[in-house]
Amino acid sequence: MVNNVIPQEAPATAAIPQKRGRAIVVTSGKGGVGKTTTTANLGAALAAGGATVVLVDADVGLRNLDIVLGLEARVRHHVLDVLEGQATLDDALVTDKRVPSLRLLAAAQTREKDDVDTAAFTELIGTLRDRFDFVLIDCPAGIEKGFTNAIAGADEAIVVCTPEVSAVRDADRVVGLLGEGRKVTLIVNRLRPALVRKGKMLSVDDVNDILHLPLLGVIADAPDVIVSTNRGEPVALDATSLVGEAYRAIARRITGASTAAPEIPREKTFFEKLFGSRS
Amino acid sequence: MFEFFNRLFGAKPSSAMAKERLRLVLLSDHLSLAPDVVEALKNDLIEVISRYCEVDAANCDVTFERQDKQIAMLANIPILGMQRPKPPAPPPATPPSAPPGLPDGNAASAALATATPSAPDTAPAAKPPAKPGGANGRRRRRKQGVQGAPRPQPT
């Protein structure tokens, strides 16, 4: 027990030496706001942009990143196999054939979050940072052990929040728990511009008046995301999708390739509604 | 149609209600994490005020509330009388600078007796949290976030 306390607190900011890649945890507190979808799409967008990326599913027991990415049939080993020495890291990493610089390290499905040793997981993230430009960690919902494990090795955090009171409240809590040592940014997910205009949904400003985080991007609530998830094809790889472009824009902002302010999705004009059915 | 009438009669959009409710709940979320701080603050307040007047220590109440765009501390401290009781183990600077006259009130000291026992043991402990920050740094940061939250809202 005592041994566990120290690695949880310390390595996050202090013990991790500066390595090559960036470890970014995608978190939210509340479940169902789109952490996994965000992780998958940002990973795909970053990889498509030329970076080497590994996606780590930290949601042990409720593995989903593999199916969202469409890689579920190719997972042979998972993160606990690696941590417990039953598989090498290279055995466990699944390469995405669509974007070969994208790898997935799946979570164990039949195990529990408490089975993951924080120090070992943190060390694994450190190893991955030596090998990849980006290590994106898909954090489980909640603020228990799974959360502390997922954030322990990350020096940056992306908080995903939908414009709902419950999501904002949980995001606020999570930001408090993330502490001071990390760079924390915000993605507002599933925004419905038409509802915002009518005053029926919190706006991006409303959300961020409360959270006060640097805004990384805004993703509209669009059918593309649902369709692409059904198919296991990240929408970020769909060149024709507006939401895909929003993910790619976020990826450019993460790499620093773009410094433009995030675009807030707008309502379609009457003309667009009349003639365009896409997106 | 219904919506149109609602707007016509100035009903608040639900998003505004959502935002307002969030502000309130986060305020209490943040404050409720430090009940010891509120308690220590209350005891300090009672201690200071009872140097000058007779306080009904048993019925004191300190709460935080949101008022318009600011957070207010509401202290309800019933005063039994303005007669200054004899200072108990006076903190530095109190006796010389205290207002003259009113040697002492025996009725007051009874009321004070209820207040003082808690004062000496809470006073030293109350020092660090008196600056509302709480035990750890991250909480302090979020709290400032909320206190700052109303500021950017220009409405």
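Is A:His212 buried, exposed or partly exposed? It is partly exposed, at a relative accessible area of 33%. On that scale, buried means under 20% relative accessible area, exposed means over 50%, and partly exposed is in between, with a 1.4 Å probe and protein chains only.

Some ground rules. This is a predicted model, where local features need pLDDT of at least 70 and side-chain atom pairs count only at pLDDT 80 or more, while totals for chains, interfaces and linings use all residues. Residues are numbered from 1 along each chain as its sequence is written, chains are lettered from A and ligands numbered from 1 in the order in which they are written, and side-chain values use heavy atoms, with hydrogens and water left out.

Back to A:His212. Its phi is near 55°, a positive value in a residue other than glycine. A:His212 sits in the chain A loop between α11 (204-211) and β8 (215-220). Helices (H or I, at least four residues) and strands (E, at least two) are DSSP runs, numbered from the N terminus.

Next, A:Arg190. Here phi is near 60°, again positive and not in a glycine. A:Arg190 belongs to strand β7 of chain A, residues 183-191. Its relative accessibility is 33%, so A:Arg190 counts as partly exposed.

Now the surface of chain A. A:Phe270, A:Phe271, A:Leu274 and A:Phe275 make a nonpolar patch of about 540 Å². Patches take residues with over 30% relative accessible area and no salt bridge; like charges are joined within 9 Å, nonpolar side chains (Val, Leu, Ile, Met, Phe, Trp, Tyr) within 5 Å. A salt bridge is a side-chain nitrogen of Lys or Arg within 4 Å of a carboxyl oxygen of Asp or Glu. A:Leu274 lies in helix α14, residues 270-275. At 53% relative accessibility, A:Leu274 is exposed.

On to chain B. What does its secondary structure come to? Seven helices and four strands. Along the sequence, the pattern is α-α-α-β-β-β-β-α-α-α-α. Of its 155 residues, 33% are buried. Among chain B contacts (heavy atoms within 4.5 Å) with a separation of 6 or more, 63% join residues 24 or more positions apart. The accessible surface of chain B is about 9600 Å², with 61% belonging to carbon and sulfur atoms. Those areas come from the Shrake-Rupley method with a 1.4 Å probe; for residues, only the protein chains shown count as cover.

Last, cysteines. B:Cys53 is buried at 6%, and B:Cys60 is buried at 7%. How many disulfides does the whole structure hold? Zero, over all chains. A disulfide here is a pair of cysteine sulfur atoms within 2.5 Å.
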